[in-house]
Amino acid sequence: MMIRLTTTCIALLSTTSGVLLAELRLPAIIGDHMVLQQKQSNPIWGWDESGTEVTVNFAGQTKSATAGDDGRWVVDLDPLDANAEPAVMEIHGTSKRELLDVLVGEVWMCSGQSNMGFSVSGDWKAEIETLASRHPALRLISVPQVGTQELKDDFRGKWESATPQTCASFSAVGFFFGRYLHEILGVPVGLIDNAWGGSSAEAWIRRSSLENDPRFAGLIEEWKQREADLSSAAAKEKHVAVMEAWKTRAATLKAEGKPTGRAPRGPEQQLSGNRRPGNIFAGVVHPTLGYGIRGVIWYQGESNSARAWEYRDLFPFMIEQWRAEWGQGDFPFYWVQLADFRAESPEPGDSSWAELRESQTRTLRLPNTGEAVIVDLGEGNDIHPKNKYDVAARLVRWALARDYGFEKIEAQSPTFKGMEISGAKATLSFDHVGAGLRTVDTRDLRGFAICGEDQKWVWAEAKFLGKDKVEVWADSIAKPVAVRYAWADNPVCNLLSSDGLPMTPFRTDDFPMLTKPQ
């Protein structure tokens, strides 16, 4: 009898606990101190017991929805004007939540790999910038790095006001970009940092979307084979052996007072890493999908540089997929072109980084896109240049000119327009030159290369022909057929517009790409 009674009590307790635990739950992206995007509809969502009517009250609006079979509910707030006065959002379901200190303003996603993740504390002016970062209406939230094939609906994080403490670990490019907007527009700004160092573009796209596009069949097949190999017993056994060898070597190095380096990565780490197709989309992007944003700033490409030819399809595909997934139309998407890096090349020729830059520039064919050219801001000996302030300034030009009514601000770097060849000389014309082209550091134009029909490149001489034209030649090339500019990993070049924006690297030829699969 005692046993039966205990069993019954346990059953009742379990049932009662289930009722008690069925309560309103919100994702991290919707919480205290958040910023809602002004002048557009804002989805607010969460979870509750199936069938529960959930009501959201905010800024004089009352919206209701019923939790579905999976417990998820969503309401859409009508467009709101910017408001820097802290407001309370009330949400009623099986329980009640009050979200405090909610503002309305401009919201931007800051994404990419390590150069976007590079924190304010690493910038050359870190000490000064952190001291100047106390802005109560500038809000920050960071998404943890989670790589998985399983679609996640939430993450651990919270919105916080910008202070010397909170900004220090936040994306430098993102923070400076947001602070510019906050100070210029005079409205609250919310920034979402979801960058992941070393990540490949394919990891940021839904896996099934990649699998359904024949352009990426080779990429997917390669990964399927890799996944099978990494999941095998042989791979696990091999890792155990490699790890034991590393431990022995590390012990010796430690005894000698030398650094041991990192332990070798296991198969499971690679499967949950930042290069597997779909991994970051599922773990990082999916939990934020639908949150009201103005747009995205992006800094990535280094990890795809060896596959620059593929990137010309992959990168615009990612942008198109994000826009489709978000359901907010063709929102602004502005990116940073790769900086100059590695040793300067003594002779002109091919470059995978130049090809990746070209693939980025080609993506400007998509609507509402923009590119910040920074071939003058890199560091040859560091893939993570520490001047992020000027990078953000070039990105914010796009936002101001395109999205906030500052049409007189020139956002786009000069771009190649056309070429005419007459005898031994080529005349190049350019767009987006402002009041005219100019040089920096020296009066001589540097960075041009020219070739004849043999496709053998030599450095070229150049001179201005008016404000938007440059004449290019080389004494050794009698009949030129093509010209390139800043076509190197680390180009030595000095042409820019009167607005101080460097010339976009370009080539006039369509010779086979170094990174095109054979």
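Lys and Arg are counted here as positive and Asp and Glu as negative, with His and the chain ends left out of the count. On this basis the chain, examined as a predicted model, carries 56 positive and 69 negative side chains, and the centres of the two sets lie 3 Å apart. The C-alpha trace spans about 105 × 60 × 50 Å along its principal axes, and the chain contains 13 helices and 23 strands.

Of the 518 residues in the chain, 53% are buried. The accessible surface comes to about 23,600 Å², and carbon and sulfur atoms account for 51% of that area. Among contacts between residues at least 6 apart in sequence, 73% join residues that are at least 24 apart.

The buried residues of α8 are Ala235, His239, Met243, Trp246 and Ala250. An α-helix has 3.6 residues a turn, so residues three or four places apart point the same way. The cover over the buried residues of α8 includes α7 (217–230) and α9 (267–271). Just after α8, glycine 257 adopts a positive phi of about 75 degrees.

How values were computed. Residues are numbered from 1 along each chain as its sequence is written. This is a predicted model: local features need pLDDT of at least 70, side-chain atom pairs count only at pLDDT 80 or more; totals for chains, interfaces and linings use all residues. Side-chain values use heavy atoms; hydrogens and water are left out. Buried means under 20% relative accessible area, exposed over 50%, partly exposed in between (1.4 Å probe, protein chains only). Helices (H or I, at least four residues) and strands (E, at least two) are DSSP runs, numbered from the N terminus. Contact means heavy atoms within 4.5 Å. Accessible areas come from the Shrake-Rupley method with a 1.4 Å probe; for residues, only the protein chains shown count as cover. The place of a charge is taken as NZ of Lys, CZ of Arg, CG of Asp or CD of Glu.
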